[in-house]
Amino acid sequence: MSVAEQTLAGAGERSPGFMDSSVGRKVVMAITGIVLWGFVTVHMLGNLTAYMGAEAMNHYAEFLHTMIHGMGIWVFRAVLLTAVLLHIWAATSLTLSNHAARPVGYRKQQRQSATWASRSMRWTGVLLGIFIVFHLLHLTFGTVHPDFIKGDAYHNFVTGFQVPWVSAFYIVAQLCLGLHMWHGVWSFTQTLGWAHPRYNALRRNFATVLTVLVVGVNISYPIAVLTGIIH
Amino acid sequence: MEKHLNLTLQVWRQKDAMSEGEFVEYQAKHISTEMSFLEMLDVVNEEIIRKGEDPIAFDHDCREGICGMCSMVINGRPHGPKERTTTCQLHMRSFDDGDTITIEPWRAKPFPVIRDLIVDRGAFDRIIASGGFISVPTGAPQDANALPVSKQNSDLAMDAAACIGCGACVAACPNASAMLFLSAKVSHLGYLPQGQPERYGRVRNMVSQMDAEAFGTCTNHGECEAACPKGITLETIARMNRDYIKASLTYRPEIASGGAG
Ligand code: HEM
Ligand code: SF4
Ligand code: FES
C-alpha cells in the first residue's frame with residue numbers, strides 16, 4: 001500500500017520547488033501557452049499581407065528580418081524556442097504524473113463535462129510539435145520546399161501551398177490548433193486564477209472568438225492559393 | 001409510487017490490497033424503488049450471507065450525505081447518476097427494471113483498494129494534517145463579533161466548507177487529481193480572518209502533500225465539479241491557484257532573528 005510521508009511542519013517551513021510542484025508546472029504551461037498563443041495570433045495577422053500582394057508580404061518579411069538591426073527576429077526566436085521547450089517539458093512531466101495516478105482504470109466511465117478539446121490536448125499538442133518542425137523546414141529553411149527562393153516570402157508561400165498534400169497538412173494542423181487553443185485559452189485563465197462569476201462567460205467566449213479567428217484566417221491561406229485567389 | 005425492480009449487478013470484488021480483483025455478477029431481486037442504493041446492497045448482501053459467502057464490502061456511515069464514506073462508482077459516475085447526491089442519498093427510483101448496474105471502487109493510486117469497494121482515503125487525512133487547520137492559542141473564548149466577516153466571505157467560506165472529503169472529485173477526474181478537494185480545504189479557511197496568519201504557508205504545504213501522495217494534476221476538464229455531491233466549483237480551484245502563485249512569489253524562509261527564540 002502506498003503511504004506517503006506525512007509532512008507536518010510549521011506554516012511555510014517546507015520549501016518544495018515551484019517547478020517541482022504540480023501547480024507550478026501548470027503555471028509554466030499556462031505562461032508559455034500565452035506566449036505561443038500571442039505568437040500565433042500575431043503570425044496570423046502578419047500573414048494577412050499575402051492578400052495585399054507580393055510587395056506587401058515581402059516588405060513585411062524584410063521588416064521582420066531587419067528590425068532592431070536584425071536583432072529582433074533572434075530575440076523572438078529565442079523566446080519562442082524557450083517557450084516551446086518549456087511547454088513540451090511541462091506537458092510531458094504532467095502527463096506522466098497523470099498516467100501514474102491511475103494505474104487501474106474503470107470498466108465504465110461516463111464523462112460529464114470534459115470536451116473533445118480537453119481530452120485531446122496531448123495529441124493535438126504532439127501534432128502541433130510535428131507541424132512546427134515541418135513548417136520551419138518548409139517556409140523558413142526551404143528544405144522540404146519544391147522551389148524555395150531565399151528572401152522571396154511571397155513566392156515561397158504561393159508555390160508552397162500549390163502542392164495539395166502540403167495544403168491539406170496545414171489545414172489539418174490548423175484544426176488541431178483550434179482544438180488546442182480553444183481549451184488552452186480558457187484553461188490558462190483557470191490555471192492563473194482568473195475566475196470570477198462576472199467574467200466566467202467572457203472567458204469561454206474569448207477563447208471561442210480567438211480560436212475561430214486564428215484558425216479561420218490561417219486556413220484561408222492554403223485555400224486561397226489552391227483556388228487561385230492568391231497567385 | 002413504490003415499484004419493484006429486478007436488477008443485474010456487476011460488482012468489483014477484491015479480497016484485500018494485495019489480491020487481484022474481478023467483477024462478479026449478482027441478481028438484485030424485488031428491490032423497492034423507495035430504497036436507497038446502499039439499502040439495495042444490504043438486501044443483496046443478506047442473500048449472499050444466506051448462501052454462506054462473503055458479503056460485498058462497502059464504506060458507509062451517516063447514510064444522510066454528510067460523512068463522505070459511501071464511495072463507489074456506479075455505471076461510470078461517482079455516487080451514481082444524480083447530481084449533488086451521494087450514494088446513500090441515491091434512490092432506486094433512479095433505475096429501471098432490468099437494468100445492469102456496474103459498481104466499482106474509486107480508482108486512484110493514492111486510494112488503494114482495501115477490500116471490494118472500500119478504498120483507503122488516508123491520503124486526504126494527511127493532506128488535511130499538512131495545513132487544513134488554524135492554530136488557536138487556548139484561553140477564554142473571544143467575543144463572537146470581535147472579528148468582522150463580510151456576509152459574502154462567510155457564504156463563500158461555508159460553500160467551500162461543505163466539502164465532505166468523499167473523494168468523488170478524484171474518482172471522476174481523468175487524471176485522478178485532488179485539486180477540487182484541496183481547493184475547498186484551502187479556501188474555506190482562506191476566506192475567513194482566522195485563516196489569514198497561516199494562509200500562504202497552508203497552500204504551499206497542502207499542495208506539496210498532495211503531490212507527495214502522487215495524485216494527478218489538473219487539466220481543467222471540469223469532471224470534478226460535475227461529480228461533487230456538495231457543489232464545490234472550479235472557481236474554488238482558480239482561487240487556490242491564485243493563493244499558490246502569490247505564496248510562491250512571496251515566500252521567505254524563516255530566518256528572521258525574531259523567530260529564533
Ligand atoms: C509544441 C507542441 C505542443 C505540445 C506537445 C503541447 C501540449 C500541451 C498539453 C499536454 C497541454 C496541457 C493540457 C491541459 O492542460 O489540458 C497544453 C496546454 C496549453 N497549450 Fe500546448 N502544446 C503544444 C503547442 C502549443 C501551441 C503552438 C500553443 C499556442 C497556441 C499552445 C497553447 C497552449 C495553452 C494556452 C495551454 C493551456 C495552459 C493551461 O492549461 O493553463 N500549445 N499544451
Ligand atoms: S470537493 Fe466535492 S467531490 Fe471532492 S471530496 Fe469534497 S465533497 Fe467530495
Ligand atoms: S454514508 Fe455518509 S455520505 Fe453517504
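Start by selecting chain B: its average pLDDT is 95, and 97% of its residues score at least 70 (pLDDT is the predictor's confidence in each residue, from 0 to 100). This is a predicted model, in which local features need pLDDT of at least 70 and side-chain atom pairs count only at pLDDT 80 or more, while totals for chains, interfaces and linings use all residues; side-chain values use heavy atoms, leaving out hydrogens and water. Residues are numbered from 1 along each chain as its sequence is written, with chains lettered from A and ligands numbered from 1 in the order in which they are written. For the complex, the predictor gives an ipTM of 0.91 and a pTM of 0.91.

**Stop one: ligand 2**

Stay with chain B and click on ligand 2. Around it sit 14 residues, and the closest are Cys163(B), Cys166(B), Gly167(B), Cys169(B) and Cys228(B) (a residue counts when one of its heavy atoms lies within 4 Å). Now colour α4 (168–172) and α5 (179–190) of chain B, since each supplies at least two residues of this shell (helices are DSSP runs of H or I, at least four residues, numbered from the N terminus). By class, the shell has 11 nonpolar, two polar and one charged residues (Ala, Val, Leu, Ile, Met, Phe, Trp, Tyr, Cys and Pro count as nonpolar, Asp, Glu, Lys and Arg as charged, and the others, Gly among them, as polar).

**Stop two: ligand 1**

Next, select ligand 1. Its surroundings come from chains A and B, so the site is shared between chains. There are 24 residues around ligand 1, and the closest are Lys26(A), His87(A), His180(A), Ser187(A) and Thr191(A). Show some side chains: a polar atom of His87(A)'s side chain lies 2.8 Å from a nitrogen atom of the ligand. For Ser187(A), a polar side-chain atom is 2.7 Å from an oxygen atom of ligand 1. Which helix gives the largest share of this shell? That is α7(A), with eight residues. The shell divides into 13 nonpolar, 10 polar and one charged.

**Stop three: where the chains meet**

Finally, show both chains. The contact takes 55 residues from chain A and 62 residues from chain B (contact means heavy atoms within 4.5 Å). How many salt bridges are there between chain A and chain B? The count is zero (a salt bridge is a side-chain nitrogen of Lys or Arg within 4 Å of a carboxyl oxygen of Asp or Glu).

Key. A polar contact is a pair of N or O atoms within 3.5 Å; within protein, one must be able to donate a hydrogen and the other to accept it, and residues adjacent in sequence count only if both atoms are side-chain atoms.
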